[in-house]
Amino acid sequence: APVWQVTPLVQTEAVWSEIDQHLLRWVRDPRPELLLVLAVDSAIDADRIDHLQAMGELFTAAHQTGRVPGEGAAALLLAHPLWPNLPQHMPEAVRLWRPVSARRDKSADAAGRIGCTTLTAVLTEVLHRTAPPHEAVMAVSDADHRPSRTSELFEALQAVAPDIDPSQQVTRVGEACGDLGVARALVPTVLACAALRNSDLAQRVAVATH
């Protein structure tokens, strides 16, 4: 029977630490399992918007770096590599590598230039794992309208994948959907998986950044 876990997260990105622990356990334990990760959040009700405005965090004409309220839901189904007859049961499945994480020396919302050193190092490690050469690389990010996050993303991608076409191969979910709250921890990865399933290139790689 399913074992449900409802885990309150101090930080949205902490969900990937939880997922990584499961992936590590699967390496050690040959018993096949499935892991279903669900995330849902909404910030578009009046009370939440009033709260953001009172905290000075709402996007306005006078506060261009504020947050745009959004809402979203996403689900990610992970299967143990030894799940019986996986290719037959789930022919559209794609391979998910273990997450790579790092912490900047300051927040992306801090004053001054953020730089892309940390994200560049993470993306370099990720692409090194995926056995190049690739026919194409796609990037899906939770980056939004804020210049600091956008410049960090595009500068890092230019450093590690200089041939990437920002208009065709990069998606910023936050720009289209606003701040998805806890759901943003899954949405870029879910959309990256969907993009791979719809691709006709066997060696295509999708990178999700949070």
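Me: Where is Asn85 found?
Reply: First, this is a predicted model, in which local features need pLDDT of at least 70 and side-chain atom pairs count only at pLDDT 80 or more, while totals for chains, interfaces and linings use all residues. Residues are numbered from 1 along each chain as its sequence is written, and side-chain values use heavy atoms, leaving out hydrogens and water. Helices (H or I, at least four residues) and strands (E, at least two) are DSSP runs, numbered from the N terminus. On that numbering, Asn85 is in the loop between E2 and H3.

Me: What is the phi of Asn85?
Reply: Most residues other than glycine have a negative phi. Asn85 isn't a glycine, yet its phi is positive, at about 55°.

Me: Is Asn85 buried, exposed or partly exposed?
Reply: Buried means under 20% relative accessible area, exposed means over 50%, and partly exposed is in between (1.4 Å probe, protein chains only). Asn85 has 47% relative accessibility, so it counts as partly exposed.

Me: Which residues of E2 point to the buried face?
Reply: The side chains alternate along E2.

Me: In what sense do E1 and E2 pair?
Reply: Two strands pair if DSSP finds at least two bridges between them. E1 and E2 are joined over nine bridges, one of which sets Leu34 against Ala79 in E2. The sense of the pairing is antiparallel.

Me: Which strand gives the largest share of the nonpolar patch?
Reply: Patches are made of residues with over 30% relative accessible area and no salt bridge, joining like charges within 9 Å and nonpolar side chains (Val, Leu, Ile, Met, Phe, Trp, Tyr) within 5 Å; the areas come from the Shrake-Rupley method with a 1.4 Å probe, and for residues only the protein chains shown count as cover. Here Trp4, Leu34, Leu36, Leu38 and Leu77 make a nonpolar surface patch of about 540 Å². Leu38 has 54% relative accessibility, so it counts as exposed. Three residues of the patch, the largest share, come from strand E1.

Me: How many salt bridges does the count come to?
Reply: Side chains of opposite charge can pair when their charged atoms come close. The rule used here asks for a side-chain nitrogen of Lys or Arg within 4 Å of a carboxyl oxygen of Asp or Glu. Glu13, Glu57, Arg67, Asp142, Asp179 and Arg184 are linked in a network of such bridges. By this rule, the count is 13.

Me: How many residues apart in sequence are the parts that Arg98 and Asp20 tie together?
Reply: The side chains of Arg98 and Asp20 meet in a salt bridge at 2.7 Å, N to O. Arg98 lies in the loop between helix H3 (86-89) and helix H4 (117-129), whereas Asp20 is in helix H1 (residues 15-28), so the separation of the parts they tie together is 78 residues.

Me: Is Arg146 buried or exposed?
Reply: Arg146 makes a salt bridge with Asp144, 2.6 Å from N to O. Asp144 has a relative accessibility of 7%, so it counts as buried. Arg146 has 9%, so it too counts as buried.

Me: Which residues does Thr65 touch, not counting those up to four places away in sequence?
Reply: Thr65 is in the loop between helix H2 (46-54) and strand E2 (71-79), where its relative accessible area of 44% makes it partly exposed. Contact means heavy atoms within 4.5 Å. With residues up to four places away in sequence left out, Thr65 touches His145 and Arg146.

Me: Which backbone nitrogen does the side chain of Ser141 reach?
Reply: Ser141 is in strand E3 and has 4% relative accessibility, so it counts as buried. A polar contact is a pair of N or O atoms within 3.5 Å; within protein, one must be able to donate a hydrogen and the other to accept it, and residues adjacent in sequence count only if both atoms are side-chain atoms. At 2.9 Å, the Ser141 side chain reaches the backbone nitrogen of Ala143.

Me: Which residue in E5 stands opposite Ala139?
Reply: Strand E3 (residues 136-141) pairs with E5 in the parallel sense, over six bridges. E5 has an uncovered face of Arg204, Ala206 and Ala208, and a covered one of Val205, Val207 and Thr209. Opposite Ala139 stands Val207.
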